[in-house]
Amino acid sequence: MSLFSWILPENIPWLTLLLIIPLIGAMITLVMKGRNAKYVAGGFSLVTMILSFMLFLFVDDLSTMSENIAWIDVMGVKISYALGIDGLSLLMVGLTGLLVFLVTVFSTEKERPNLFFAMLLIMEVGLMGVYMAQDYFLFYVMWEVTLIPMYFMISWFGGPRRHYASIKFFIYTHVASLIMLIGIFAMVFQAGALSGGTADFSFAAVSAAAGGFTEMFQILVFGLLFFGFAVKMPVVPFHTWLPDAHVEAPTAGSVLLAAVMLKMGSYGIIRVCIENFQLGAEWWQPVMIVIALVSILYGAWACIAQKDLKKMVAFSSISHMGMVLLGIAMLSEWGLMFAMFQMFAHGLITAVLFMVCGITGHNVGTREIPLLGGLAGKMPKYAGFMVFGFLASLGLPGLVGFVAEFGIMYSFYEYLAGVDMIYLIALVLLSLMLTAGYYMWAMQRTIFGRETKKVDLSEVKDTNRAETAVLVVLCALIVLFGVMPSLVTDVLGSAAVLGVLP
Amino acid sequence: MIIEYAWLIPFIPLMAFIIVGLFGKKTKGGLGSVAIIGALLAFVLSLLVSYEYLTDAAYADHLPYVLDLEWLSIGSVTLNFGIYIDSLTCLMMVFSSFISMLIFVYSVGYMKDQGQKKRRYFAEVSLFLAAMLGLVMASNFLEMFIFWEIVGVCSYLLIGFWSFEHPEGDEAADNAAKAAKKAFLVTRLGDVMIMAGLFVLLYVFGSLDYTTLFDVANIDAVMNQDPNMIMLASLLLFGGVIGKSAQFPLHDWLPDAMAGPTTVSALIHAATMVKAGVYLVARSYPLFIQSADVMLFVAVIGGVTALFAATMALNNMNIKRVLAYSTISQLGYMIMALGAGGYLIASAVGVESAMGYTSGVFHMMNHAFFKALLFLCAGSVIHAVGTEDMRRMGGLRKKMPITSITMLIGSLSIAGFPLLSGFWSKDLILEAVFAGYNGVDPVNYVFLLLFIMGIITAFMTAFYMFRMWYMTFGGRTAGPATEHAHESPKSMTVPLLILAVCAIISGYALFVGLNDLITFNEIGGVYVVGGLGHSAASILEDILTNIWTYVSVAVALIGIILAYFMYSRRSEKTRGSQDREHGFLYNMLTARYGFPKLYDGIALAGGYGIAKGVDYVDRQVIDGTVNGISNAIVGGSESMRRMQTGYVRNYAGFVIVGVILLVAVLCAVFYFIGGGL
């Protein structure tokens, strides 16, 4: 009897509970009124978070957690309700659990809070589902489930141009996911054809048959799936929905969008594309590298030109997700390991950044950088979090972002040394300079320097207690995983994708 | 076995940082005492560890004490986190913690009226010290780099200490914010080069541990494979040094960094930050010496910096900036010495070669003492008169006797006045550089040129230091700002006195064993710091019998005398000469050879200019295309506007169009794949 079976008995479907608890929470929250909605949602997301952390702490062998129930089995099509986790899934599940709870604590929505918090919880259901699904049909359904609450979150609770932004978000990502769906169908039916007729949507069945895909098929279907996922990440030039969505979305929406929803894209590339299409991945490798480098540099430069603090942070997400893609494109153990690490690191850091932006808009009244200045005097705690978040995001050693970037860049160097083009490493290093540049410049103009006269600061408040608590937790985690990265890499070591690499 | 607790040395100041940060708010003094005790404990422990390392028979062959923990292990690569103690580490941690402790004590008086900000100050300086100690004790390049960056961030925060709510108003706050940003970004440029260097080293060695990299067999194996890789890595590492130690052409952040409190300048210039660069060269010596060209480059950069920075100190009116330029110049000396010594080793010249290493590191230690002293004296003056402009000072000798005498000692020491600490190390440096000229076959005229530049720099150093001293303390007439000036409190003058004693005697450390500790050798197939160096007697003989020693002393004296005649008898009238027409040279020095403009220009063109272009492309081309396509699909801008109204019925059209398109794509793809199978 291990400790695990005492705490998490085997006959209870724990992964399903991770979906059901927030779902029930969402339904109850919907009928709540006033502040109660926040407390109920907080309670349910807390339970979900604790459960997801328990998976981290008490499960020795993740494969024992998988669940599989036949769902549809007609006319040669087999769809099952299959959930399972490996290192990568677990990390994203934990991140989702953590951040949904934290944004619930952080948010103080006064109008229609029941809808707001219900949307948060439904989003959690979708996100958990995407990261745990072991069946392509379920995966796609959950993928779409995340879309709807985010759409309503922007269009109901967003800023002045929320309708434009939400529609753009919805259509852009929806078109991409339909193309992804074509890819999934092609993949599943081809796998079915190869293995005797039944089109089985489960991950396991497709992986088993993936060895038989011809190179041409792999290249084509990799392309379809990659496009679907890449829009979600997003990569340049399919990124323009993101800054708009971020600028209009409420803080909670932005945090979840940047910290966990974008990761669905990179998760999909790793889980679906890389795991199943080795030949396709090799063919697409140069394209992925170019797209990644363009995203990294383009995003960084775009940041410098932004006037809206939040839009700047949104573009920085594009740059940092480019880093993830670069790591994936290396198709090596280091590259993938640190790409996954960067997904986690960026999730934590970007949450801090968007919360800081949210506080700027909320407390000062504007996020326009030219209107700000010298806020550190009036809002010392806020300034401290901003400095910390920006330093973490620009890859300060000792914090979690550095480990990820160092690993990705080193794997890129390894790749370049293999093809005898090490001077190209300068491109990535340039992005480090640009990143430091826009963050430093933004800080100089917002929290440092003379106190602004363009905004009335007489009534301005520093971060309140809930906001401070949430940010402290995130900052502590950023330090913890930066100092002890092996806590994350040990979990990632069991990621299935590392087993299929050449 | 106290050496096993060496990890406490950086850990104690780190704890002080956390304690001050968490609890300093409620207290009146901002918990300055905690910071001081942290530094004191770190100092005492450094002494004990050094004593054990230097006396224990186990380390008699100068091999380091190493303790490694696995930090991260991916595939075949393992990255460690640990400590590495050899005599270089011992020297660095002892003087860093000692000087920091004195500066913290001094800060209690200096920062007295800063109120709530004291907590931030003492927390950040403690972290600064912790990071510096971590840097010098790191057991591998990655760990060193981690602390290297934290040192950089601390300097950013401290230079920008007054970047908001500046006591002197908005203009000064803006300047501090700009200076902090500049310091971070310019040094960051060097830092990314180090990062590239780490990639190169990790790739060719498969490890970043010093113990692996300093092993002769490993280096030879790599050299046999591709001799250029170590050279490339050395140059990249040196790029970081150029940034951190403010060498030409990345020197221009350091004068601006004077926007921070004077105590911070003292920390940056004496105990931490800029010394990290020199330390890195000394530490990476086994790699650098693999190529004579790299070492020549190092020496040239050092020599150019030494001369170039000294010129800008000649006409500066700001007391702190004069000191800043002198730091850059002295750092140039150190780098030049290390380069010259390494050049000789790389050219396979025997016993003479140790001199460069010894003199460079030795000068770093001496400089730490007298530069800390000079900055703290300057701080004492600024504290008393409320300005940094030397034209408004003068005649302070009587009002501030302790400050004036201690600063005189510091100035004499840096000018290389005989028998003070600066004299010994500076002459050793010049001798090492001269050996670079005549010690190799055929002779290398580059080093002759560097040697002449060194002599000229020595002259200029003596001149501008005494120009500063006379303008501040000398003269019969008092400057306009000196009316209410009085000597600083004990907490400030006691550190001055202690440092003054150090500035006199630290040079004699060379004759009581330092010569054998701070030298570079290969023992048992490993490159180590320590071993047999020049004997004390031969050094003494070299210095005293060498004609060039007397030449350099003579030029220093001429510099002092010149400064005396030009500035000591100046009256109020000639003092305020800022309105006078100045020559081209004078203006060029004031404009710092146009470097600030050059930096701004690069940032504006490469950063903001391209950013504007990208932003335009983003809005007009990429997003324009996206919106254009959607307009074309739903039939023009009319429906686009309706779409934005948010009514659900309008979306129906979208969905239908989308589905039709997708079915078409789907059919096409399946047809295509079906054909290909």
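Q: What does buried mean here?
A: Buried means under 20% relative accessible area, exposed means over 50%, and partly exposed is in between, using a 1.4 Å probe and protein chains only.

Q: And what kind of model is it?
A: This is a predicted model: local features need pLDDT of at least 70, side-chain atom pairs count only at pLDDT 80 or more, and totals for chains, interfaces and linings use all residues. Residues are numbered from 1 along each chain as its sequence is written, chains are lettered from A and ligands numbered from 1 in the order in which they are written, and side-chain values use heavy atoms, with hydrogens and water left out.

Q: OK, chain A. How much of it is buried?
A: 69% of its 502 residues.

Q: What about chain B?
A: There, 61% of the 677 residues are buried.

Q: What's the secondary structure of A?
A: Chain A has 21 helices and three strands. These are DSSP runs, H or I of at least four residues for helices and E of at least two for strands, numbered from the N terminus.

Q: And of B?
A: Chain B has 28 helices and four strands.

Q: Moving inside. How many residues are in the largest nonpolar core?
A: 458 residues. Such a core is a set of buried Ala, Val, Leu, Ile, Met, Phe, Trp, Tyr and Cys residues joined through side-chain atoms within 4.5 Å. Leu326(A), Ile99(B) and Phe141(B) have the most contacts inside this core.

Q: Which helix gives the most to this core?
A: Helix α14 of chain A, residues 333–364, with 21 residues.

Q: What does Ile99(B) touch?
A: Beyond neighbours within four places in sequence, Ile99(B) is in contact with Ala270(B), Ala271(B), Ala368(B), Phe369(B), Ala372(B) and Leu499(B). Contact means heavy atoms within 4.5 Å.

Q: New topic. Where does Glu487(B) lie?
A: In the loop between α19 (445–473) and α20 (490–505) of chain B. Glu487(B) and Ile402(B) are 85 residues apart in sequence, yet 7.4 Å apart in space, C-alpha to C-alpha. Leaving aside neighbours within four places, the contacts of Glu487(B) include Lys399(B), Ile402(B) and Thr493(B).

Q: Backbone next. Is the bond from Met233(A) to Pro234(A) cis or trans?
A: It is cis, with omega near -10°. Pro234(A) lies in the loop between α9 (215–232) and α10 (241–248) of chain A. Pro237(A) is also placed in the loop between α9 and α10. The peptide bond from Val236(A) to Pro237(A) is cis, with omega near 10°.

Q: What about the phi of Arg112(A)?
A: Phi is near 50°, a positive value in a residue other than glycine. Arg112(A) sits in the loop between α4 (87–106) and α5 (113–132) of chain A. Arg112(A) counts as partly exposed because its relative accessibility is 42%.

Q: And the phi of Glu165(B)?
A: Near 50°, a positive value in a residue other than glycine. Glu165(B) is in the loop between α5 (141–159) and α6 (170–205) of chain B. Its relative accessible area is 47%, so Glu165(B) is partly exposed.
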